[in-house]
Amino acid sequence: MYYIGFDIGGSYIKFVLVKNRKILFSGHEERPATFPSLAKLITQKAKFLSGKVKDGKVGGVGFSLPGPLDSKREKVLNSANIRYLNGKAFRKIFSEKLKLPVKIEHDVHCFLLTSRTLSTAKKYKNVFYITLGTGLGGAFMVDGKIIQGSHGSAGEVGNMILDMSKRLDFEDLSSNKFVRRTTGRGTLETVKLAETGDKKAKATLAELGENLGIGLANIINVFDPEVIVLSGGVSDARKFIEPEIKEQIKKLVSSPEAQKTKILFTKIGYSGGALGAALLFEK
């Protein structure tokens, strides 16, 4: 059986054809500006990928979507960056358009599913997974099961308030938003400057690591995972942020044993979300 996965991102739509957990074909397109245009693109690409199947059939199409979903996994409730998704009966619409079984899931849950099945989280049962890029997303699993929560939005730690005086949340202080607000540059450019010895760049990344460490300490105190996996663009700054992360965890985590929680950095790949969407049919 073959499966198709789509990752609907802020800038690009990634898509894959998968068999036996392996990507046979992958590609991407710029994200259309309207829902009708998105629907047209998805329909075209699903037909294109289905046309590559010669010795079997497509068993379903999975979608990795940004923002909290309803508990029944029918629609997106609040996508901050792709507002035209909000409230659309996404699963029903594309089940009818594609004439195939459709599943939808939060994008970070899809990345965690890929990590749990094939990558960094494979040997762990209790994992908190965080994507660090333009924003900050989270997902977690307990005893090998990814948790959705009572309302379908478990893991949204990016919205955890860390600075009440300025109403700044974890995402504001620990993603590319913070770096760009502080330096006027993106994380990768700031890392390159820090590697040349630029003091402001190094100080910014140290503060980023401190902020991230505070947020992770909160997560460890509440969830007590075996491991926290960090992925995304901010992980390029690992050597500058990791010492600060470890220092804050040592200071702020109450249990001496939990202070030893592993913090792993991963490069899950450009198609990780789309692959996780296809893997939804193996859950």
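Predicted model: local features only at pLDDT ≥ 70, side-chain atom pairs only at ≥ 80, totals over all residues.
A pair of aromatic rings is described by the distance of the centres and the angle of the planes. Searching the whole structure turns up 13 aromatic pairs. Two of them are set out here.

| Ring pair | Centre to centre | Angle between planes | Kind |
|---|---|---|---|
| Tyr3 and Phe281 | 5.3 Å | 15 degrees | stacked |
| Phe35 and Phe90 | 6.4 Å | 75 degrees | edge-to-face |

Start with the stacked pair, Tyr3 and Phe281. Tyr3 belongs to strand β1 (residues 2–8), while Phe281 is in the segment after α9 (272–279), so this pair ties together parts that are 278 residues apart in sequence. Are these two residues buried or exposed? Tyr3 has 18% relative accessibility, and because buried means under 20%, Tyr3 counts as buried. Phe281 is also at 18% relative accessibility and counts as buried.

Now look at the edge-to-face pair, Phe35 and Phe90.

Elsewhere, Lys14 lies over the face of Tyr270, 5.0 Å from the ring centre.

In soluble globular proteins, nonpolar side chains tend to be buried together. In this model, the largest nonpolar core has 34 residues, and Ile130, Leu216, Ile228, Leu230 and Ile241 have the most contacts inside it. Which helix gives the most to this core? That is helix α7 (residues 199–223), with 8 residues.

Setting aside neighbours within four places in sequence, its contacts include Phe128, Ile130, Leu216, Ile219 and Ile263. There is also a second, separate core of 30 residues, with Leu38, Leu65, Leu85 and Ile104 among them.

**A polar residue inside**

Helix α7 also holds Asn211. This residue is buried, with a relative accessible area of 10%. What does its side chain meet there? A polar atom of the Asn211 side chain lies 2.9 Å from the backbone oxygen of Leu173. Not counting residues up to four places away in sequence, Asn211 touches Leu162, Phe170, Leu173, Ser174 and Phe178.

Technical notes:
Residues numbered from 1 in each chain as written. Heavy atoms only, no water. Phe/Tyr/Trp six-rings, centres within 6.5 Å; stacked < 30°, edge-to-face > 60°. Helix = DSSP H or I, 4+ residues; strand = E, 2+ residues; numbered from the N terminus. Buried < 20%, exposed > 50% of the residue type's maximum accessible area, 1.4 Å probe, protein only. Lys NZ or Arg CZ within 6 Å of the ring centre and 35° of its normal. Core = buried A, V, L, I, M, F, W, Y, C linked by side-chain atoms within 4.5 Å. Contact = heavy atoms within 4.5 Å. Polar contact = N/O pair within 3.5 Å; in protein donor to acceptor, adjacent residues only side chain to side chain.
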